[in-house]
Amino acid sequence: DSGPPAATVAAAPVAAAAAPPLVLPAMGIGAWAWGDSLFWKYDAKFDFELEELFEYYASQPDAFLDTAELYGLGRSEMLIGDFERRSGKRVKVASKFAALPWKTRREDVVQACEASLRRMGRSSMELYQIHFPNAWANEAYWDGLGDCYERGLVQAVGVSNYGADAVEAVSTSLGRRGIPLYSNQIQYSLLYPFANSNGLKRKCDQLGVKVLAYSPIGLGLLSGKYSAEQLPEGPRAELAKAFFNGQPETAAGLVDAVAKTAEKHGATPSQVAINWCVAKGTTPIPGARNLRQLKDNLGALSWRLDAADVARLDAASAAVQPLAKANPFPAKDVGSGLRMFDS
């Protein structure tokens, strides 16, 4: 770990009800690309652009950044901490525990949370999440989330990439301790709308669990920058081929629907994609790597889709087939048999 140590945290647990309810804005910003050289080609020489972005964003009311210990192997968290210290400005922050196979104890969650706080130079954060399900030890992770909450390390707790059955199970587990499950962060966009049809979004809504929508612009594929002839670099290229080349009629229909909606509202395609997520009752967290991207994302908050727009986009999105051939996360907990991942 790098950065100064966090302030001393309370050793004794506090009552679960002591934490005030967390209120997040209509949209946050994802910091996956801040430090990730594999997927997003991060280069430290452009940190000045990230800091410029942070300075501007932290000056906005209710700024909210989502990060994780895996993003750049802690680099994303360190950058947020560095930027907060140098600017003197504080934002709402969510981070995530990496549920790696060798982490099997509730204490692993607490220790990871404390390490994230050290990297950010904080004594607490607003939201802490399980990043993805494991094939085992999931109930231990939920216990660890509750411990983080009761020790005052976090204001709220959530999960990420959890399916409907798993969301209900963790909500019930935390509920026994009087701790609400705040959120489930899932991939959700016009390009990845499957939570609408497989019952996941409905289950979250029924339980009062907020849906945080990551990759709301479809990993940038709905930004208007890419096509079958103009593909992104890196791992996204294969996903882009699966979309633009693998289902060309569907891709053309969705891109056209987004473009026409953007033209109608004097907006950008990215803003349309973000607004669709807002219209579905989720909190989108699009990524941004520079001030231009940030301002484009924030521009989505100044207007809203109407019912006809949503219907047109829904119809185009419904034809999309999954771009990836295999699920990236364990489908079941081998011990309990609980289904962990839906989409």
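Trainee: Across which strands does helix α4 lie, and at what angle does it run to β5?

Mentor: In this predicted model, helix α4 (residues 138-150) lies across β3, β4 (125-130) and β5 (154-160). Its direction is at about 160 degrees to β5.

Trainee: What is the order of the strands in the sheet, and in which sense do they pair?

Mentor: The sheet is open and has eight strands, in the order β1-β2-β3-β4-β5-β6-β7-β8. The pairing is parallel.

Trainee: Why is one side of β1 and of β8 left without a neighbour in the sheet?

Mentor: Strands β1 (29-30) and β8 (283-285) stand at the edges and have a single partner strand each, so one side of each has no neighbour in the sheet.

Trainee: What makes β2 and β3 count as paired strands?

Mentor: Pairing requires at least two bridges. Strand β2 (residues 64-66) and strand β3 (residues 92-97) are joined by three bridges in the parallel sense, so they count as a pair. Phe64, for instance, has Lys92 in β3 as its bridge partner.

Trainee: Why is α8 called roughly antiparallel to α11?

Mentor: The axes of helix α8 (residues 248-265) and helix α11 (residues 307-318) cross at roughly 165 degrees and come within 8 Å. Angles over 145 degrees count as roughly antiparallel, so α8 is described in that way relative to α11. The crossing of α8 past α11 is left-handed.

Trainee: Which residues form this contact, and how are they classed?

Mentor: From α8, Gly253, Leu254, Ala257, Val258, Thr261, Lys264 and His265 take part; they meet Asp309, Arg312, Leu313, Ala316 and Ser317 of α11. By class, the contact of α8 with α11 comprises five nonpolar, four polar and three charged residues.

Trainee: What makes α5 roughly parallel to α6?

Mentor: Helix α5 (residues 164-175) and helix α6 (residues 200-207) pack at about 20 degrees, and their axes are 8 Å apart. Angles under 35 degrees count as roughly parallel, so that term applies to α5 and α6. The crossing of α5 past α6 is right-handed. Ala164, Val167, Glu168 and Ser171 of α5 make the contact with Leu200, Lys203, Cys204 and Leu207 of α6. By class, the contact of α5 with α6 has five nonpolar, one polar and two charged residues.

Trainee: What is the average pLDDT of the protein, and where is the pLDDT below 50?

Mentor: The average pLDDT is 92, and 94% of the residues score at least 70. Over residues 1-17 the pLDDT is below 50, and this stretch has 28 contacts in the model beyond near neighbours in sequence.

Key
Residues numbered from 1 in each chain as written. Predicted model: local features only at pLDDT ≥ 70, side-chain atom pairs only at ≥ 80, totals over all residues. Heavy atoms only, no water. Helix = DSSP H or I, 4+ residues; strand = E, 2+ residues; numbered from the N terminus. Contact = heavy atoms within 4.5 Å. Axes fitted to C-alpha atoms, helices over the stretch in contact; angles between N-to-C directions. Parallel < 35°, antiparallel > 145°, perpendicular 65-115°, else oblique. Left-handed = near helix turned anticlockwise from the far one by under 90°. Nonpolar A, V, L, I, M, F, W, Y, C, P; charged D, E, K, R; others polar. pLDDT = per-residue confidence, 0-100.
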